Amino acid sequence: MESLIQIINKLQDVFAVIGEHKIDLPQIVVVGSQSSGKSSVLESLVGRSFLPRGTGIVTRAPLILQMIRYTKEERDNVIKLTKNNDIKSWATFLHKPETIYDNFDEVRYEIEKQTDVLAGSNKGITHESIVLKVFTLSYDLTFVDLPGITKVPVGDQPEDIDEQIQELILKYVQLENSIILAVVTANTDPTTSESLKIARKMDPNGIRTIAVVTKLDLIDKGTIQDTTELLCGHKIPVKLGIIGVVNRSQKDINDNKSMKETLKSEKDFLRLHYPDIYKKHGNKVLAKTLQDILVKHIKKTYPILHKNLQDTKTRLETELKTLQTPDSKVSFILNLLKNISKSYTDTILGNRKDVSDTIVMGGARISEIINEEYLDKINQINPLHDLTDEQIGVILLNTSGITKSSFVNEKALEHMISRQLSNLIEPSMSSVDFVRVEMLKIFDAIDENVLETLKRFPRINSDVRNVLNNMLDKNLNNLKDFIESFIETYQSCLNTTNPNFLIQLVRSSSDFQDANIAAFMSNNSIKNTENHKCVSLEDNKKKENENYIQLFKQMLSGINDLDNDIETSKQVKIHKSLTQCYFDFIKEIIRDFVPKRIHHKMVKLVLETFEQELDEKVFTPYVINRSFEEVMTEEEGVIDERQKIEEMLNAVNIALKNMVDIQCF
């Protein structure tokens with residue numbers, strides 16, 4: 001039976017072919033600065049020298065390195081293909097699966113070649129990965145080797161190369177299923193290690209980080225005690241362990257020192273300098289530790305990975321369903337138009353199942369506009385806006401002409417009220433505009449699947465949106481004209497004898513209780529006819545209000561017996577109060593009428609006729625012109641998107657099939 005790691009390798013192969021994906025696979029991600037010995041660690045684990053070397057950034061693409069323990073049968077098959085009876089290990093690339101490499105210098109050359117293909121030859125980097133399989137008798141292990149961390153561009157490297165590398169590294173290490181292998185050099189302060197900084201940022205508790213300390217042979221003998229404390233975990237807070245290694249030096253590489261000799265030299269060095277802990281360090285210990293960690297990690301993350309794959313499968317199937325080419329174009333378009341109308345109506349009426357819990361939308365937003373924001377604007381209008389006492393006095397004089405003004409100048413009052421009521425027109429018109437804009441926005445918030453299907457076909461999408469836009473424009477103009485005319489009616493036709501206005505005047509105008517009104521009342525000799533012995537206080541108040549109303553009727557009719565020497569300022573005060581009170585009276589009517597009219601003649605009307613309009617203005621012309629083939633032309637890129645989703649869905653299905661074997665472990 002295949003090992004757990006080999007099963008995960010298969011999953012990596014599947015998703016590497018697709019490229020960008022959101023499947024978080026268990027894997028070991030190798031992070032280290034340039035010249036930290038990262039490549040030497042990997043080569044020591046593999047047992048062969050195969051990675052590109054040189055100055056600057058050598059690794060410019062993620063290298064997924066899969067170490068696979070081969071079987072005797074697999075080796076026999078490779079011998080037949082290569083005619084090499086002495087073969088002990090070999091390699092293949094996912095992008096060249098039929099080519100077997102038994103010369104690891106050629107492996108290095110192919111990595112360099114493929115890197116230039118993916119990342120270009122200008123020292124830039126790429127997120128596209130290279131998958132290398134190395135078949136060996138050593139271990140089952142999987143690594144993701146990333147570019148070395150650098151701060152300063154070299155040669156023709158891009159100025160932001162450090163940011164590009166950071167972004168690429170974070171893309172892998174931030175995944176919860178990734179184990180971080182942080183490479184740290186012994187001859188530098190571990191607190192300044194860039195790899196550990198990244199590990200601490202993405203894994204602050206160190207629960208998925210293991211540190212590898214390289215270059216133990218390059219430190220001063222006087223600092224061995226400090227290094228011992230480092231290797232014992234006293235300086236680096238990681239939970240998966242700290243392992244020191246001694247790899248080949250550049251001289252060893254130049255002298256072609258074998259890996260076997262390197263491992264022996266490493267063991268001798270560790271036994272000599274770290275006699276108490278040497279058995280816990282070295283490349284062999286590192287390989288065994290990493291293998292155990294990865295197997296445990298795969299078992300631990302299996303349930304999450306399996307659920308992620310299942311959820312992805314469901315999502316992709318839903319997406320693919322919306323992208324499928326329909327068998328019957330006529331029924332497809334007819335159903336699509338009905339679904340659009342229904343979803344639009346449901347969104348406004350609040351009948352959607354997928355109710356948002358983050359933003360106010362749909363009909364609720366329309367209600368906010370016409371029942372809250374509009375009312376706030378109306379209520380904030382000053383009834384006497386831009387109307388001073390001096391202006392009122394001039395108006396009173398000018399409207400009385402050559403005759404002396406009566407107690408209440410009706411012409412002046414009509415002029416001032418008409419002028420002030422015009423302030424209600426603009427916010428009422430704006431409210432209609434805001435609702436129209438919101439109703440267009442709501443269309444982009446209908447059921448996501450319906451919307452995505454519509455977007456596939458630019459012609460249908462455009463026709464449907466034009467229908468809605470034209471409906472709203474038509475209703476907008478009619479509605480605005482009606483509301484403006486409604487307000488203008490109150491501007492030109494004053495009715496100061498309206499019982500409701502008179503009652504409001506009595507209840508709200510304290511200005512009428514001053515000496516002016518008292519004098520007017522005394523001249524008209526209002527008699528108290530109540531029977532105090534038989535009438536209650538409530539009846540008494542009612543009778544008093546009726547008397548006031550009779551009095552105001554006389555005043556507003558211009559009937560008065562006041563002395564001729566009444567000051568103009570007194571009249572200003574009265575007319576100012578009457579203007580304010582009448583404005584408030586009409587404002588109550590307007591602010592009640594406008595929201596109801598918008599709801600009735602725009603929102604409700606559109607909802608009731610949208611489906612019919614789509615049928616008449618969209619579907620019927622398609623039938624008459626026989627243009628179904630033409631209008632079903634898909635948006636550019638939809639075919640590629642459908643193919644991409646099909647490939648991803650196929651990969652997920654293969655992955656789920658492979659994961660069945662994990663349950664057996």
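The structure is a predicted model, in which local features need pLDDT of at least 70 and side-chain atom pairs count only at pLDDT 80 or more, whereas totals for chains, interfaces and linings use all residues. Residues are numbered from 1 along each chain as its sequence is written, and side-chain values use heavy atoms, with hydrogens and water left out.

A patch of negative charge on the surface brings together E448, E452, E635, E636, D640 and E641. At least two residues of this negative patch come from each of helix 16 (448–455) and helix 23 (638–659), helices being DSSP runs (H or I) of at least four residues, numbered from the N terminus. E636, by contrast, is found in the loop between helix 22 (628–631) and helix 23, and with a relative accessible area of 81% E636 is exposed (over 50%, where buried means under 20%).

Across the whole structure, nine aromatic pairs are found, a pair being rings of Phe, Tyr or Trp (its six-membered ring) whose centres lie within 6.5 Å. The pair of F332 and F457 is edge-to-face (planes over 60 degrees apart), because the ring centres are 5.6 Å apart and the planes stand at 75°. This pair links distant parts of the chain, with F332 in helix 11 (residues 329–349) and F457, 125 residues away, in the loop between helix 16 and helix 17 (458–492). Both F332 and F457 are buried.

Note on methods: Patch = residues over 30% accessible without salt bridge, like charges linked within 9 Å, V, L, I, M, F, W, Y side chains within 5 Å. Areas by Shrake-Rupley, 256 points an atom, 1.4 Å probe, with all protein chains shown as cover. Salt bridge = Lys/Arg side-chain N within 4 Å of Asp/Glu carboxyl O. Lys, Arg positive; Asp, Glu negative; His and termini not counted. Charge placed at Lys NZ, Arg CZ, Asp CG, Glu CD. Buried < 20%, exposed > 50% of the residue type's maximum accessible area, 1.4 Å probe, protein only. Phe/Tyr/Trp six-rings, centres within 6.5 Å; stacked < 30°, edge-to-face > 60°.
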